[in-house]
Amino acid sequence: MQVVRALLGLTALAVVAGCAVGSPATTVDEARALTAPLEQSSSAVGTATLATELLGDDRTTAAVTDTALLDQVHVLEEAADAVATFVPADATGAGWQADALTAVRDAQLAVADARGWANGAGSDEASVVAALDASAETLEDLTATLDEVTGQ
Amino acid sequence: MKRLLGVALGILTAIGGFLDIGDLVTNAVVGSRFGLSLAWVVVVGVIGICLFASMSGRVAAVSGRATFEIIRERLGPRAAGANLTASFLINLLTLTAEVGGIALALQLASSVEPRLWIPVAAFALWLVVWRTKFSTMENVTGLVGLTLVVFAVAVFLLGPDWSELADQALSPTVPAAEGHAVYWYYAIALFGAAMTPYEVFFFSSGAVEEKWTVKDLAQSRLNVLVGFPFGGVLSVAIAACAAIVFLPAGIEVSSLSQIVLPVALAGGKLALAVVIVGIVAATFGAALETSLSSGYTLAQFMGWSWGKFRRPAQAARFHLTMIVCILVAGAVLMTSVDPIKITEFSVVFSAIALPLTYLPILLVANDPEYMGEHVNGKVTNALALVYLVIIVTASVAAIPLMIATGAGS
């Protein structure tokens with residue numbers, strides 16, 4: 001009985017230790033962990049671009065575009081949180097994290113600008129779309145770099 | 001002529017009333033991630049709900065009694081009580097998702113925060129449940145919900161590559177970016193969205209409300225066998241819109257505001273207005289059905305007086321149950337919980353609880369004591385047994401897949 005208890009205790013300890021912050025991860029694991037929030041951000045920027053262009057072409061209402069952009073602000077918040085709480089194992093991972101955080105923050109800024117424009121504030125449509133495109137490109141480049149590491 | 005109009009109205013309301021927030025969200029999410037490679041699940045789900053609804057409608061029309069009265073009598077109070085608890089809780093979860101859906105749809109029309117719309121939606125829901133006749137309620141929401149046909153129109157206006165869509169639907173494969181576990185998790189979610197238990201409680205209780213008899217069986221069968229498949233076509237159209245616009249752009253659907261963008265892209269502001277009206281009608285109609293289902297299930301189990309055909313004072317506990325459920329749904333949503341997340345969980349839990357309602361109906365539909373000469377035929381029983389296996393498999397696999405995939409994330 002004691003042996004069983006000891007084994008159960010050791011298993012529980014191993015599980016808890018495995019969940020500890022800063023647990024050793026391979027470079028591939030690190031790249032994979034950062035790819036998910038980057039893809040989430042790309043999706044948010046893509047939605048924001050579509051909603052903005054539709055409003056510019058008078059194919060949607062300001063209310064729908066505003067709601068779509070607000071929803072994407074929340075998606076980006078979640079992505080930024082995932083990147084910011086990531087614990088890198090080495091300098092390479094830390095570099096990727098810094099780049100990812102900058103890219104997601106830029107995306108947040110671009111979507112916030114688009115929302116300002118949709119509500120009659122801020123700059124013109126062309127510069128808003130250009131900022132969203134630039135953000136999408138940065139996110140895509142970074143994702144491609146990490147995909148090379150993960151072999152996807 | 002009057003009979004023909006009655007048949008047409010029944011079919012149209014079955015089409016318009018088929019979709020709810022679960023169908024809207026799940027189909028759009030699946031379309032944006034898997035294209036049409038899960039369209040086969042909609043077909044399986046639609047055949048299943050046709051079978052399930054026609055059996056429960058027949059049981060109600062022949063016996064003159066609704067689902068939970070018979071479940072309690074057939075299974076005994078203890079087993080039926082466990083069944084009631086699970087069904088009632090999942091129904092409440094679905095009601096919460098539908099009320100959240102109304103608020104999100106009204107946000108699209110107004111840009112006003114959903115939390116401000118939740119009390120309005122809950123009050124409107126109670127008012128309609130309290131004041132409106134059953135047939136008026138069913139016909140109005142069903143007919144207005146038909147405006148969701150705009151999703152099918154949008155598919156044509158978007159001018160897709162038809163061969164690619166056909167390829168996705170007819171030769172389904174798991175996309176490289178998604179794992180097999182996630183694919184099957186969403187297959188179960190889609191199945192749960194198509195075969196939601198509340199539809200059956202509502203359908204069988206509605207048969208008693210409208211005083212169906214054996215003579216009405218042919219019309220009921222027609223409503224189900226024509227109306228529900230057309231509703232399924234609208235489900236596939238929602239997935240197709242997402243597959244055409246979002247999948248190539250790498251956009252993953254996570255909000256209701258995204259679901260309407262392909263329609264706006266295809267048809268501009270007019271189509272957008274139509275789709276928002278349709279979403280409000282579909283979610284409001286489903287919220288009415290789930291509110292009523294909560295009252296139906298509890299009142300039928302407890303033996304209380306129930307039904308819209310009675311004045312509220314004559315069915316006080318039935319109405320009180322609905323009021324409490326609407327208040328609970330509103331209160332949960334006021335905590336700022338995401339209605340889309342609730343919807344995603346509600347469709348999966350619907351699939352988990354499905355055997356609890358399906359099996360008793362199947363047993364009763366085969367019991368000559370209740371059904372006399374109208375027991376299931378051999379073909380129906382063969383199909384029903386195949387579906388029993390599918391339903392039990394989906395129910396058993398749902399939770400492990402939910403854990404393994406992080407709820408499909």
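Which residues does B:I188 touch, not counting residues up to four places away in sequence?

**View 1. Surroundings of B:I188 in the predicted model.** B:I188 touches B:V348, B:A351, B:A394, B:A397, B:A398 and B:L401, leaving aside residues up to four places away in sequence, where contact means C-beta atoms, placed from the backbone, within 7 Å. This is a predicted model, in which local features need pLDDT of at least 70 and side-chain atom pairs count only at pLDDT 80 or more, while totals for chains, interfaces and linings use all residues. Residues are numbered from 1 along each chain as its sequence is written, and chains are lettered from A and ligands numbered from 1 in the order in which they are written.

**View 2. Helix α6 of chain B.** Helix α6(B), residues 114-131, has 18 residues and reaches 25 Å from its first C-alpha to its last, close to the 26 Å expected at 1.5 Å a residue; helices are DSSP runs of H or I with at least four residues, numbered from the N terminus, and the expected span is 1.5 Å times one less than the number of residues. B:P114, B:W117, B:I118, B:A121, B:A122, B:L125 and B:V129 are buried (20 or more other C-beta atoms within 10 Å of the residue's own; exposed means 12 or fewer). They lie on the same side of α6(B), because they cover an arc of only 140° around the axis, taken from the directions from the helix axis to the C-beta atoms. The face turned away from this buried side carries the exposed residues B:L116, B:F123, B:L127, B:W130 and B:R131.

**View 3. Contact between chains B and A.** The contact takes 20 residues from chain B and 17 residues from chain A, and α14(B) gives the most to the chain B side, with 6 residues.

How values were computed
Helix = DSSP H or I, 4+ residues; strand = E, 2+ residues; numbered from the N terminus. Contact = placed C-beta atoms within 7 Å.
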